[in-house]
Amino acid sequence: RPVELCDAEVLRRVRQRSLARLRQDVEPVPARTLGIFLPRWQHVAAAGARTELEGADGVLAVVDQLGGARLPASALEQLVLPARVRDYHPGMLDELTSTGDVLWAGAGELSGGDGMVTLLTAEAATELAPAPGDPDLGPLHTSVLETMRGGGARFFREILQAVTDAEDEPPATGALLEILWDLVWAGHLTNDTLAPLRARLGGGRPAHVPRRTAPRARSSLRRGVRAAAAAATAARVDLPSSVGRWSALPQPPPEVRTEAVVARTASLLDRHGVLVRESAGMGDLPGGFAAAYQVLRRLEDSGSVRRGYLVAGLGAAQFALPEVVDRLRADAADLAARLEDSADPRAHVLAATDPA
């Protein structure tokens with residue numbers, strides 16, 4: 001085969017001019033085209049239609065696309081997943097969490113027992129998990145964290161027993177459960193099922209007020225009696241929001257790694273299709289849009305991402321996957337046809353917190 005040689009500077013100019021030509025070929029579509037594109041891109045079915053995703057595999061596809069997105073727990077299984085997966089029921093998600101294919105993490109507590117959560121595939125958990133918060137850690141918080149970071153998954157009664165063994169005084173069951181949920185909302189702990197989260201949203205939260213702890217026992221006999229009482233209490237634990245096995249979430253490294261920035265930028269791009277400075281979730285990225293811009297520039301140079309003025313009114317710095325450009329044009333033509341034929345109206349009903 002003949003060998004072809006090219007000067008590096010000439011090759012650089014060819015690449016730059018090719019990219020410039022591709023940008024010129026892309027004409028911006030009306031901003032309202034996103035109203036058609038984004039629900040389709042995220043597999044949201046229009047009112048009266050049926051989505052093509054179904055079963056646990058469909059849920060896994062949704063989690064893969066929305067991985068890292070912060071969603072209210074109360075909207076996750078009532079609005080977000082049913083809009084994307086045909087005949088969704090909670091067992092589909094529990095099947096994935098129980099096998100370890102999907103993890104869920106808390107991302108901040110809301111009022112009324114609600115909170116923000118994010119779903120993550122096991123492969124992307126370390127890169128896409130929200131940075132854990134720092135709640136006001138008391139001695140029991142620290143004791144529970146040390147217990148859970150020892151490895152393995154534990155039932156609530158096992159956590160209660162372990163904390164009782166480590167402390168001079170056995171904690172009240174309700175108080176320990178609230179501490180457990182403090183750590184969940186802070187992004188430190190998770191469960192192998194969403195059953196306790198559903199119970200908490202549905203009123204499974206203990207109604208009693210945690211009792212004040214008694215003065216510290218001074219004798220080993222009294223400590224033994226209290227430990228035995230705690231073990232008996234643990235055997236009777238039947239709180240809906242404590243069921244399942246609890247475990248510590250993978251902790252991201254303290255320093256911001258390039259791999260994590262690349263993974264989060266790619267996740268945002270896959271979620272939105274078209275990425276701009278104001279895209280939802282950009283604020284959660286370490287370094288913000290400036291860090292994402294450097295990653296997107298490299299992806300553009302490799303041909304994995306297209307940059308241009310794709311959607312009118314969204315700013316100059318717009319990046320999209322190559323297949324998105326053609327879909328935007330097709331959706332713009334579909335929008336124009338629908339505006340001419342007002343006899344065929346279609347509607348998407350979405351939660352205000354839905355990523356679409």
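Two strands pair here if DSSP finds at least two bridges between them. With that in hand, let's walk through the model, which is predicted: local features need pLDDT of at least 70, side-chain atom pairs count only at pLDDT 80 or more, and totals for chains, interfaces and linings use all residues. Residues are numbered from 1 along each chain as its sequence is written, and side-chain values use heavy atoms, with hydrogens and water left out.

First, the overall picture. The protein has 14 helices and 10 strands, where helices (H or I, at least four residues) and strands (E, at least two) are DSSP runs numbered from the N terminus. Of its 356 residues, 44% count as buried; buried means under 20% relative accessible area, exposed over 50%, and partly exposed in between, with a 1.4 Å probe and protein chains only. The protein exposes about 18500 Å², and carbon and sulfur atoms supply 53% of that area. Contact means heavy atoms within 4.5 Å. Among contacts between residues at least 6 apart in sequence, 72% join residues at least 24 apart.

In S5, 7 of 7 residues are buried. Gly115, Val117, Leu119 and Thr121 point one way from the strand, while Met116, Thr118 and Leu120 point the other way. S4 and S5 form a hairpin with 5 residues between them, and Gly112 in the turn has a positive phi of about 70°.

Now for the helices around this strand. In helix H4 (residues 73-80), the residues Ala73, Ala75, Leu76, Glu77 and Val80 are buried. Gly55, Ala56, Val59 and Leu60 of H3 make the contact with Met92, Leu93, Glu95 and Leu96 of H5.

Elsewhere, an open sheet of 3 strands has the order S8-S10-S9 with antiparallel pairing. Strand S8 (274-275) and strand S9 (306-307) each have a single partner strand, so one side of each is left without a neighbour in the sheet. S9 pairs with strand S10 (residues 319-320) over 2 bridges, and Arg307 stands opposite Phe319.

His188 lies between helix H9 (173-185) and strand S6 (189-191). Is His188 buried or exposed? It counts as buried because its relative accessibility is 7%. The His188 side chain makes a polar contact with the side chain of Arg149 (3.2 Å); a polar contact is a pair of N or O atoms within 3.5 Å, where, within protein, one must be able to donate a hydrogen and the other to accept it, and residues adjacent in sequence count only if both atoms are side-chain atoms. Phe155, in the loop between helix H7 (139-148) and helix H8 (156-166), is partly exposed at 38% relative accessibility. Leaving aside neighbours within four places in sequence, Phe155 is in contact with Gly244 and Arg245.

Methods:
Accessible areas come from the Shrake-Rupley method with a 1.4 Å probe; for residues, only the protein chains shown count as cover.
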